[in-house]
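Dear colleague,

I am passing on the structure below for you to look through, and my notes on what was found in it follow directly after.

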Amino acid sequence: MTYQLLNVQGLETRFKTPEGVIHAVNGVSFTLDQGETLGVVGESGCGKSVTMLSCLKLIASPPGEIVAGKALFKDIDLLKMGNEEIRKVRGSHISMIFQDPMTSLNPVINIGKQLAEPLIEHMDMTNEQARKRSIELLELVGISNPDERLKDYPHQYSGGMRQRVMIAMALSCMPEILIADEPTTALDVTIQAQIVELVKRLRQEFGMAIIWITHDLGVVANIAQRVAVMYGGYIIEEAPVKELFANPSHPYTLGLIGSLPKLNEAGHTRLYSIEGMPPVLYRKPQSCPFSPRCTYVNERCWSENPPLEAINDGHRIACWVDTKTGSNRQ
Amino acid sequence: MNTADETLLHVEDLVMHFPIYRGVIQRQVGAVHAVDGVSFDIKQGETLGLVGESGCGKSTTGRTILQLYKPTAGHVYYRDQDLTTLKPEAMRHMRREMQMIFQDPYASLNPRMTLRDIVSQPLTAFDVASGKEIDDRVAELLKLVKLNPDFAGRYPHEFSGGQRQRIGVARALALNPKFIVCDEPISALDVSIQAQVVNLLEDLQEVLELTYLFIAHDLSMVRHISNRVAVMYLGVIVEITDRNELYNNPLHPYTQALLSAIPVPDPVYSETHQRTIMQGDVPSPVNPPSGCRFRTRCPIVIEECAQQKPELLQIRPNHFAACIRL
């Protein structure tokens, strides 16, 4: 029986910058069940990373500020936790891995020490226990000679290996949720495929829930069961993965899928491109944030911001227009 | 003499080794075998895609062709002229014909120069325009890459990644080049912006009759933009053929593994198709494996692979691959 692990409601995060207040996340709500993989897709600056960092209170304040919302982890609000409390949750219940493994690892401490730290900290292990467990973890993520390699420093590992170490570290305390923030973006396709397969295998073995943040729809199709597409600090479409690819409904999602070159393309077709670029939001949008780039835009889009509403079982979109007919939805 | 089949660039046995020095007297102790005997042709007006994992030597190949590195051995013929034997001054003039677009639009533009300065630099360096002519040419170039000419006084930080890449393209086009090396021009960009830049490159190719060497690790985009594709592994070309032939009928096990690793944006497909995942990383180019360089990761390796260096042979019509198992 699966149960709900995470329930985020109405999350809003802002950043104060010299140019003005940036509204990075503008009311994001989503849930995550035990053992489920949620893909979060969007361009740089759409708020996908900030959403997840906010849930773990990893937003530096100032300049950042979580101004509204709840993030219930098994019915306890993470956002209301004190520093000491949330620190226990991070690492032992919810872990996060980041895009660039080189900047996430300390270059002057060897891998063994870095792996052992959370084990000693969160699991009350002795040095010797932590060492044994570190070796097991490296083996688990497919690093050969783990015994020897514990003594090595991050620069002695390749990019793919470093990301494996990050995953080993994130898994060390058996978290219930793993948040992966573009973990394969900096890697070659071949290494990306290895990492994706590894995470899928670990999910089956340990049954943890995963939030996989990416801008690559190909990776999402491979790993996620449900997908949330973000734009301008909102979730603008959310659906089970097959439904999303079979029946994309928001103009932005349609554009994203359309702008990918087709592998089975026979003749030469022109790529569909979404003109313009993502907005920087100095105030909370009063109209649909996608309007300036949207090909379906009409009067209503410029005056009212559409809410995220169900159009189908488990399929929600935030758009006034029915993209199948081109006229407004009822 | 501008027939479609005319060869613009002919690369022959190109070798680029970077020496490694050690010790007080800086004795050479080894070399990075970045490019190790690469040969291919690029025809007038076509796009040759060059793919492979990081560290396989694809960027070095591009730079060595433009003589940004002095090749260790081999020849590069541009319209029958051997670039490797040209005197520096003669080469400087040849550079008007060939330009480069770089991967990182943040690092390849000087943050202290305005758009006008950046785009006009090639013009002033070769003294082809002055005063008002420069402004006109800059405006024309910015329009060509679909940027507002009124932005000429602005600085790079005021632009997004996609726009910066357009600035890089405008700069490359300033001297009306015929041949452009595109070194991963879209890898640093968002998905929706990638399509914009690729469409722009294709439009420019048609209008200005450009020839591209398109370096990338994104195989699906390479398939889209290229006429022919060369696959590189550890400094050597392992397979080269027309794009459809390569994708429909990959012969070399490395090409097969690369294609299999592409994440297909189709959940039904990925559920029903088992991917073959290649294990391990690219070995160090300081000490490449003997014989076939791919043998340490190859799924169909046999003993002979360690002794025999496979040659690039024509296996099917216009389809070359380097593997003794074929």
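Helix α1 of chain A, spanning residues 48-55, is mostly covered, since eight of its eight residues are buried, where buried stands for 20 or more other C-beta atoms within 10 Å of the residue's own, with C-beta atoms placed from the backbone, and where helices (H or I, at least four residues) and strands (E, at least two) are DSSP runs numbered from the N terminus. Among the buried residues of α1(A) are Lys48(A), Val50(A), Met52(A) and Cys55(A), and the helix is followed by Lys57(A), whose phi is positive, near 55 degrees.

Please bear in mind that this is a predicted model, in which local features need pLDDT of at least 70 and side-chain atom pairs count only at pLDDT 80 or more, while totals for chains, interfaces and linings use all residues. Residues are numbered from 1 along each chain as its sequence is written, and chains are lettered from A and ligands numbered from 1 in the order in which they are written.

α1(A) lies across β3 (37-41), β7, β8 (209-214) and β9 (226-231) of chain A, running at about 145 degrees to β8(A); axes here are lines fitted to C-alpha atoms, for helices over the stretch in contact, and angles run from 0 to 180 degrees between N-to-C directions. The open sheet has eight strands in the order β6-β7-β8-β3-β9-β10-β12-β11 (chain A), with mixed pairing, two strands being paired if DSSP finds at least two bridges between them. Its edge strands are β6 (94-97) and β11 (309-312) of chain A, each of which pairs on one side only, and neighbouring strands are turned by 20 degrees against each other on average, direction ignored. β6(A) runs parallel to β7 (residues 177-181) of chain A and is joined to β7(A) by four bridges, with Met96(A) standing opposite Ile179(A) in β7(A).

Ile211(A) touches residues including Leu32(A), Val40(A), Met52(A) and Ile179(A), not counting residues up to four places away in sequence, a contact being two C-beta atoms, placed from the backbone, within 7 Å.

As for chain A as a whole, its secondary structure comes to twelve helices and twelve strands. Its radius of gyration, taken over C-alpha atoms, is 21 Å, close to the 20 Å that the globule rule gives for 330 residues, so chain A is as compact as a globular protein of that length; the rule is 2.2 Å times the number of residues to the power 0.38. Buried residues make up 47% of the 330 residues in chain A.

With best wishes

Notes: A residue is buried if 20 or more other C-beta atoms lie within 10 Å of its own, exposed if 12 or fewer, and partly exposed in between; C-beta atoms are placed from the backbone.
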